[in-house]
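Hello,

Here is the structure we talked about handing over. Please have a look, then read the notes below.

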Amino acid sequence: YCISMLPSPPSMGPTETGDLDIYYPDYDNSWDQAHCINKRPLPSGRSTYSTMLVCCKSAYAGQTSGKCISMLPSPPTMSPTSSNREADFWYPLYEISWDK
């Protein structure tokens, strides 16, 4: 009885730790610096998304700074990924005749 009268009594079940398995928009930052997070506790009434990418595309669509997308574990780049600029596959070049 005594413990149950504490301001924050311990629960009978285990307390979950670590990050959430869902993502939500971080409204504590300005629009151009905001991104999606999965930190506990989940704020009440916040929209949630299955992945960080889905969250960014939904909650921060149109974000010109690209902050949300840049926070992805493997963010896309604006530059080519191959320095030799050659494809890793072969394709026909129809502009050249057979005899050349």
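Two residues are in contact when heavy atoms of theirs lie within 4.5 Å. Keep in mind that this is a predicted model.

Start with histidine 35. It sits in the loop between strand 1 (24-25) and strand 2 (36-37). Is histidine 35 buried or exposed? The cut-off for buried is under 20% relative accessible area. Histidine 35 has 14% relative accessibility, so it counts as buried. What does histidine 35 touch, apart from neighbours within four places in sequence? Its contacts are Tyr24, Pro25, Asp26, Asn29, Tyr60, Lys67, Cys68 and Met71.

Next, helix 1. This helix covers residues 52-59. Met52, Cys55, Cys56 and Ala59 are buried there. Viewed down the axis of helix 1, these buried residues fall within an arc of 95°, so they line one face of the helix. What covers them? The cover includes strand 1, strand 2 and helix 2 (67-70).

Last, the charged pair. The structure holds 1 salt bridge. Lysine 39 forms it with aspartate 19. Their closest N and O atoms are 3.6 Å apart. Lysine 39 lies in the loop between strand 2 and helix 1, and aspartate 19 lies in the segment before strand 1, so the pair ties together parts 20 residues apart in sequence. Lysine 39 is partly exposed, at a relative accessible area of 44%. Aspartate 19 is partly exposed too, with 41% relative accessibility.

Best regards

Key: Residues numbered from 1 in each chain as written. Predicted model: local features only at pLDDT ≥ 70, side-chain atom pairs only at ≥ 80, totals over all residues. Heavy atoms only, no water. Helix = DSSP H or I, 4+ residues; strand = E, 2+ residues; numbered from the N terminus. Buried < 20%, exposed > 50% of the residue type's maximum accessible area, 1.4 Å probe, protein only. Arc of directions from axis to C-beta. Salt bridge = Lys/Arg side-chain N within 4 Å of Asp/Glu carboxyl O.
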